[in-house]
Amino acid sequence: LAAYNTLYTVLVTMCRAAAPLLPLTLEAVYEGLTNENSVHLSTLPSSRGAEVNEANHSNDSDELMRGMDRVRDACNAVLSVRNKENIRTRQPLATATLYGQGSEVLRDFSDIIKDEVNVREVRFDDSLEGVATKTLKLNSQILGKRLPAKMKEMIPASKQGKWEMKDGALYIAGEALLPEEYELKLEPKDGVKGAAALSTNDALVVLDLEITPELRREGYMRDFIRMVQDARKKANLNITDRIALRYEAEGEAGEAITEHQKTIAEQVLATVIAQGDVASAMHRFEQPLEGMTVKFGFSVS
């Protein structure tokens with residue numbers, strides 16, 4: 001509903017603003033949306049309200065934008081782990097844990113992260129101890145120009161971890177480096193699986209890679225929903241059409257569909273969902289699912 005309301009507002013505002021440029025086309029669009037007489041009898045939209053709102057809430061907006069940038073960064077890190085471990089996004093996982101003080105801002109957005117990366121729980125830990133180390137990478141091109149005589153000493157020291165942070169500056173071989181002369185890269189420790197650092201290198205995400213039978217069946221349920229939704233499109237059904245759905249599936253796929261019938265029915269707009277007798281359905285499909293065969297069919301109810 002929020003998406004429809006947003007789209008409606010955007011289209012109506014666009015019609016009013018651009019009506020002088022496309023008078024006939026936007027007249028037809030505007031009348032179809034609003035049932036009003038003419039877009040040319042409406043007032044042009046004003047940006048004054050947006051300017052006032054921006055002036056009053058610029059700080060809040062900036063903070064929200066930074067928070068959402070952080071959320072995207074965390075989600076990208078989790079999805080990179082999924083891709084590396086070859087775990088499809090539709091397969092739910094138990095937890096994703098964000099380590100480091102840089103993860104604090106993400107606490108208010110944990111529900112968004114859960115939905116985006118498909119985990120049941122997002123956890124937070126302010127400490128990186130035990131899960132990650134910071135590796136120093138020197139920018140030799142810049143640093144070599146300023147301190148060429150020190151490079152032979154600095155390079156092995158950086159590899160051996162012989163550096164320290166003091167008063168916000170990084171010291172190595174008795175020299176304080178400029179921010180552009182080095183990069184601190186956060187890396188998971190040996191033995192920490194399913195981990196990836198955020199691009200800011202101040203937080204690390206660790207994904208629980210264990211897929212229990214319960215989680216696996218939930219993944220199959222999501223795959224089946226996607227199959228039915230795609231089949232609805234192929235059958236040229238309207239988005240609001242209700243269907244009577246029947247299925248035949250083997251192994252865990254069949255168990256997953258039976259276990260989650262209520263959720264599936266809600267997602268695919270099925271008034272009836274039952275096992276067997278797929279041949280009697282108006283639209284019939286057959287698809288593989290992780291080595292198993294799933295047959296299903298539906299008729300508009």
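A residue is called buried when its relative accessible area is under 20%, exposed when that area is over 50%, and partly exposed in between. Keep that scale in mind as we walk through this predicted model.

Let's begin with Asp202. Its relative accessibility is 29%, so Asp202 counts as partly exposed. The side chain of Asp202 meets that of Arg70 in a salt bridge, 2.8 Å from N to O. Asp202 sits in the loop between β8 (195–197) and β9 (204–207) while Arg70 belongs to helix α3, so this pair ties together parts that are 132 residues apart in sequence. Arg70, with a relative accessible area of 10%, is buried.

Helix α3 covers residues 48–85 and also carries Asp60. Together with Asp62, Glu63 and Asp108, Asp60 forms a negative surface patch.

Back to the salt bridges, of which the structure holds 16. Side chains of opposite charge can pair when their charged atoms come close. Another example joins Glu218 and Arg120 at 2.6 Å, N to O. Here Glu218 is in helix α7 and Arg120 in strand β2 (residues 119–125), so the bridge connects parts 98 residues apart in sequence. Glu218 is buried, at 12% relative accessible area, whereas Arg120 is partly exposed, at 40%.

Helix α7 also supplies Arg217, whose partner Glu259 lies in helix α8 (residues 251–259), so this pair ties together parts 42 residues apart in sequence. Glu259 is partly exposed, with a relative accessible area of 42%, and Arg217 is buried, with 18%. Elsewhere, salt bridges with shared partners join Arg88, Arg90, Asp223 and Glu290 into one network.

Now for the aromatic rings. The structure holds 4 aromatic pairs. One of them is formed by Phe224 and Tyr247, an edge-to-face pair with 6.4 Å centre to centre and 65° between the planes. Phe224 lies in helix α7 (residues 213–234) and Tyr247 in strand β10 (residues 243–249), so the contact ties together parts 23 residues apart in sequence. Phe224 is buried, with a relative accessible area of 1%, and Tyr247 is buried at 0%.

Phe224 has a further ring partner, Phe296: their centres are 5.5 Å apart and their planes are at 80°, so this pair is edge-to-face. It links distant parts of the chain, since Phe224 is in helix α7 and Phe296 in strand β13 (residues 292–300), 72 residues apart. Both Phe224 and Phe296 are buried. To complete the picture, ring pairs link Phe224, Tyr247, Phe285, Phe296 and Phe298 into a cluster.

Definitions and conventions. Residues are numbered from 1 along each chain as its sequence is written. This is a predicted model: local features need pLDDT of at least 70, side-chain atom pairs count only at pLDDT 80 or more; totals for chains, interfaces and linings use all residues. Side-chain values use heavy atoms; hydrogens and water are left out. Patches are made of residues with over 30% relative accessible area and no salt bridge: like charges are joined within 9 Å, nonpolar side chains (Val, Leu, Ile, Met, Phe, Trp, Tyr) within 5 Å. Accessible areas come from the Shrake-Rupley method with a 1.4 Å probe; for residues, only the protein chains shown count as cover. A salt bridge is a side-chain nitrogen of Lys or Arg within 4 Å of a carboxyl oxygen of Asp or Glu. Lys and Arg count as positive and Asp and Glu as negative; His and the chain ends are not counted. The place of a charge is taken as NZ of Lys, CZ of Arg, CG of Asp or CD of Glu. Helices (H or I, at least four residues) and strands (E, at least two) are DSSP runs, numbered from the N terminus. Rings of Phe, Tyr and Trp (its six-membered ring) pair if their centres lie within 6.5 Å; planes under 30 degrees apart count as stacked, over 60 as edge-to-face and the rest as tilted. Buried means under 20% relative accessible area, exposed over 50%, partly exposed in between (1.4 Å probe, protein chains only).
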